[in-house]
Amino acid sequence: SNRLNELGVRFNLNEMYLGTFHSICLRWLEEYREYTRLKRNYILMDQFDQQFFLYRSLGEYDKIEGADQIMGKRGSSWYRSATLLKWINTVSEEALDPKTLYAAPDATVRALGACALHYHCQLDEENALDFSTIQYEALRLLENNPQVLAALRAKITYLMVNEYQDTNTIQEHILLLLAGENPNLCVVGDDDQGLYRFRGATIRNILEFPKHFADGVCKQVRLTVNYRSHPDIIHFYNRWIGEKDWDANGQRFRCLKCLADFDRC
């Protein structure tokens, strides 16, 4: 704000949506709460709260046919609740429909769908929200309420996402839904730094980003100067990763890098 004032730019930063996907989605849920399932004074659970929430009702999940294939039969109740939490969060982060899972021919997938449906019913009863379902509820808000989506599209002219290699499926759905037909959309990232698959991130988002647009619409700008790492580290890494085979079944699983550019770092 101070820098903008120094430059004579009259703009209120409070009009921007700045933050993580989770914080921005939570802001939308609060601004448009009347369009969601949430009531006043809802509970927002962190990961420990969420696992304890499942731990307390683990007996209910044991009654679901095939649930042991999701959370295992052995181990302590706390350990099994942690395994159940991981799979339930995956359903939310991958934007999967629990009803579709429940209708699947595979017994294990059906069990996962049943567990997810039961969990969502519990959230409704407790007027609760967890870290993963923040984004799930935000996506439902945008998909099920055209007036809300139109209002946000009218407010938001430009979209920019950093560390795009660390985004997950539901975040991409939300972003593309907001962008609409004429997106002013910029994503920044490096597929070589995709380290968060264990937290639900998918490298597919950045590798396949241009495919969401007509040929020639998506412009790629290469940022080839590394200001943070020692040149010896950069050169070693580029040689090492360049020796790997990133092609399989006609697909390439790494963005092409111009090593000539990196050698000038």
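Me: Where is the place of Ala95 among the helices of this model?

Reply: In this predicted model, Ala95 sits in the loop that runs between α6 and α7 (98-102). At 24% relative accessibility, Ala95 counts as partly exposed, because partly exposed covers the range between the 20% limit for buried and the 50% limit for exposed.

Me: Where is Asn127 found, and is Asn127 buried or exposed?

Reply: Asn127 belongs to the loop between α8 and β2 (128-130). With a relative accessible area of 11%, Asn127 is buried, since buried means under 20%. If residues up to four places away in sequence are not counted, Asn127 touches Leu38, Lys39, Arg40, Asn41, Tyr42 and Ile43.

Me: Which residues is His173 in contact with, leaving aside its neighbours within four places in sequence?

Reply: His173, a residue of helix α11 (residues 169-179), is in contact with Ala95 and Leu139 once those neighbours are left aside. The C-alpha atoms of His173 and Glu94 are separated by 9.5 Å, although these residues are 79 residues apart along the chain. His173 has a relative accessible area of 35% and is partly exposed.

Me: At what angle do helix α6 and helix α8 pack, and how is such an angle read?

Reply: The idea is to compare the angle with set ranges, and 65 to 115 degrees counts as roughly perpendicular. Helix α6 (residues 77-93) and helix α8 (residues 107-126) pack at about 85°, with their axes 10 Å apart, and α6 and α8 are therefore roughly perpendicular to each other.

Me: Which residues of α6 and α8 meet, and how do they divide into nonpolar, polar and charged?

Reply: On the side of α6, Leu84, Trp87, Ile88, Val91 and Ser92 take part, and they meet Leu112, Cys115, Ala116, Tyr119 and His120 in α8. The residues of this contact comprise eight nonpolar and two polar, with no charged ones.

Me: How do the axes of helix α9 and helix α10 cross?

Reply: The axes of helix α9 (residues 131-144) and helix α10 (residues 146-155) come within 5 Å and cross at roughly 100°, and α9 and α10 are therefore roughly perpendicular to each other. Leu141, Leu142 and Asn144 of α9 make the contact with Pro146, Val148, Leu149 and Leu152 of α10. Six of the residues in the contact of α9 with α10 are nonpolar and one is polar, while no charged residue takes part.

Me: How many aromatic pairs does the structure hold, and how is a pair described?

Reply: In general, a pair of aromatic rings is described by the distance of the centres and the angle of the planes. This structure holds nine aromatic pairs. In one of them, the rings of Tyr55 and Trp78 have their centres 5.5 Å apart and their planes at 70°, so the pair is edge-to-face. This pair links distant parts of the chain, with Tyr55 in helix α3 (residues 47-56) and Trp78 in helix α6, 23 residues apart. Tyr55 is partly exposed at 36% relative accessibility, and Trp78 is partly exposed as well, with a relative accessible area of 34%. Ring pairs also link Phe48, Phe52, Tyr55 and Trp78 into a cluster.

Me: What arrangement do the rings of Tyr237 and Trp240 form?

Reply: Tyr237 and Trp240 form a tilted aromatic pair, with 6.2 Å from centre to centre and 45° between the planes. Both residues lie in helix α13 (residues 231-242), where they are three residues apart, about one turn of the helix. Tyr237 is partly exposed at 26% relative accessibility, and Trp240 is partly exposed with a relative accessible area of 41%.

Me: What pLDDT does the protein average, and where does pLDDT stay under 50?

Reply: The protein averages a pLDDT of 90, and 97% of the residues score at least 70. Over residues 260-265, however, pLDDT stays under 50, and the model has 11 contacts beyond four places in sequence for this stretch.

Key
Residues are numbered from 1 along each chain as its sequence is written. This is a predicted model: local features need pLDDT of at least 70, side-chain atom pairs count only at pLDDT 80 or more; totals for chains, interfaces and linings use all residues. Side-chain values use heavy atoms; hydrogens and water are left out. Axes are lines fitted to C-alpha atoms, for helices over the stretch in contact, and angles run from 0 to 180 degrees between N-to-C directions. Helices (H or I, at least four residues) and strands (E, at least two) are DSSP runs, numbered from the N terminus. Angles under 35 degrees count as roughly parallel, over 145 as roughly antiparallel, 65 to 115 as roughly perpendicular and the rest as oblique. Contact means heavy atoms within 4.5 Å. Ala, Val, Leu, Ile, Met, Phe, Trp, Tyr, Cys and Pro count as nonpolar, Asp, Glu, Lys and Arg as charged, and the others, Gly among them, as polar. Rings of Phe, Tyr and Trp (its six-membered ring) pair if their centres lie within 6.5 Å; planes under 30 degrees apart count as stacked, over 60 as edge-to-face and the rest as tilted. Buried means under 20% relative accessible area, exposed over 50%, partly exposed in between (1.4 Å probe, protein chains only). pLDDT is the predictor's confidence in each residue, from 0 to 100.
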